[in-house]
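Visitor: I should like to learn how to read the features of a structural model, step by step. May we begin once the structure is before us?

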Amino acid sequence: MPTAAAPTGDVLDQKRLLKLLTDYRRGDFSVRMPGDRTGIAGKIYDALNEVIERNQRLTSELQRLSNVVGKAGNIKQRASLPAAEGDWNAAVESVNALVSDLVQPTTEVARVIGAVAKGDLSQSMALEIDGRPLTGEFLRTARIVNTMVDQLSTFASEVTRVAREVGTEGKLGGQAVVKGVAGTWKDLTDNVNFMAANLTSQVRNIAEVTTAVANGDLSKKITVDVKGEILALKNTINTMVDQLSSFASEVTRVAKEVGTEGKLGGQA
């Protein structure tokens, strides 16, 4: 039985076309129909080959964009598909718009965090971009970043205020008040307040004793629990008070013996 000749010219090779479409549907963009056919069949082959090739170029471009933006971090890159028109061009523009929409909040986060790293706590993330309000995860991220900056700003202001009041202006008893903080921020606030409270109790106790001495009351002692150089100061003042008390007692005794009781020869 004679073998059928392969289709040539403008005869449509249905079996080959079906196989190509099946492979194409499975994601194989390397398949092509013959490019040397004429007539209607040749035009169908050429059009189909062009569609497949354009899909292949679009796929390659998206892979490139994924690598340079998503992995290499070159956020200024965008997809390009020369000679694309209609929905092909719309697809490219949609991808580029998606990249821009993803990049812009990231850029904003980097801007605000960079300002914080430089000590500028006045910056915050905008809650809208190009007149469009942020939504979803973008809005949640912006609010988290802004809350963080607000807490840092409040913490810094309160610590500065307490340090100025206690250390510079001499206003004892000051405490930092930072609402809504937790974790490390709460620990830092508590530590600052603990330090301020310790300084307050130490200075007030020292002032109480020295004031009593100045008023002639030698019965007072510094009792606050301290360490380091403040402990040395505490011991020095308490020793001074003891010595003053002993001196006063001896002077009083000698004065009493000599001046009141007539006992001469007394020595302090």
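Visitor: Which residues is asparagine 238 in contact with, leaving aside its neighbours within four places in sequence?

Guide: Neighbours in sequence are set aside when one lists such contacts. In this predicted model, asparagine 238 then has Lys221 and Ile222 as its contacts. Asparagine 238 itself belongs to helix H6, residues 228-260.

Visitor: Is asparagine 238 buried or exposed?

Guide: One compares the relative accessible area with a cut-off, and under 20% counts as buried. Asparagine 238 has 12% and is therefore buried.

Visitor: Where is glutamine 104 found, and which residues does it touch beyond those up to four places away in sequence?

Guide: Glutamine 104 is found in helix H3. With residues up to four places away not counted, glutamine 104 touches Ile129 and Asp130. Its relative accessible area is 33%, so glutamine 104 is classed as partly exposed. A C-alpha separation gives another kind of reading: glutamine 104 and arginine 16 are 88 residues apart along the chain, and their C-alpha atoms are separated by 48 Å.

Visitor: How many residues does H2 have, and what span should they give at 1.5 Å a residue?

Guide: H2 has 33 residues, which should span 48 Å; the end C-alpha atoms are 47 Å apart, so the two values agree. Just after H2, glycine 73 has a positive phi of about 75 degrees.

Visitor: Which residues of H2 are buried, and against what do they pack?

Guide: The general idea comes from helix geometry: an α-helix has 3.6 residues a turn, so residues three or four places apart point the same way. In H2 the buried residues include Ala41, Tyr45, Leu48, Ile52, Asn55, Leu58, Glu61, Leu65 and Val69. The buried residues of H2 pack against helix H1 (14-25) and H3.

Visitor: At what angle do H2 and H3 pack?

Guide: One reads the angle together with the distance between the axes. For H2 and H3 the angle is about 10 degrees and the axes are 12 Å apart. The two helices are therefore roughly parallel to each other. On the H2 side the contact is made by Val51, Arg54, Asn55, Leu58, Leu62, Leu65 and Val69, and on the H3 side by Trp88, Val92, Val95, Asn96 and Val99. By class, this contact of H2 with H3 has nine nonpolar, two polar and one charged.

Visitor: What are the angle and the axis distance for helix H4 and helix H5?

Guide: Helix H4 (residues 136-168) and helix H5 (residues 183-214) pack at about 5 degrees, and their axes are 11 Å apart. H4 and H5 are therefore roughly parallel to each other. H4 contributes Gln151, Leu152, Phe155, Val159, Val162 and Val166, while H5 contributes Trp185, Leu188, Thr189, Val192, Ala196 and Leu199. The contact of H4 with H5 comprises 10 nonpolar, two polar and no charged residues.

Visitor: How far does H5 reach, and which of its residues are buried?

Guide: The 32 residues of H5 reach 46 Å from first C-alpha to last, close to the 46 Å expected at 1.5 Å a residue. Among the buried residues of H5 are Thr189, Val192, Asn193, Ala196 and Thr200. Just after H5, glycine 216 takes a positive phi of about 90 degrees.

Visitor: Finally, how many aromatic pairs does a search of the whole structure find?

Guide: The search finds one aromatic pair. Its rings, those of tyrosine 24 and phenylalanine 29, have centres 5.4 Å apart and planes at 55 degrees, so the pair is tilted. Tyrosine 24 counts as buried, at 18% relative accessibility.

Conventions
Residues numbered from 1 in each chain as written. Predicted model: local features only at pLDDT ≥ 70, side-chain atom pairs only at ≥ 80, totals over all residues. Heavy atoms only, no water. Phe/Tyr/Trp six-rings, centres within 6.5 Å; stacked < 30°, edge-to-face > 60°. Buried < 20%, exposed > 50% of the residue type's maximum accessible area, 1.4 Å probe, protein only. Axes fitted to C-alpha atoms, helices over the stretch in contact; angles between N-to-C directions. Helix = DSSP H or I, 4+ residues; strand = E, 2+ residues; numbered from the N terminus. Parallel < 35°, antiparallel > 145°, perpendicular 65-115°, else oblique. Contact = heavy atoms within 4.5 Å. Nonpolar A, V, L, I, M, F, W, Y, C, P; charged D, E, K, R; others polar. Expected span 1.5 Å × (residues − 1).
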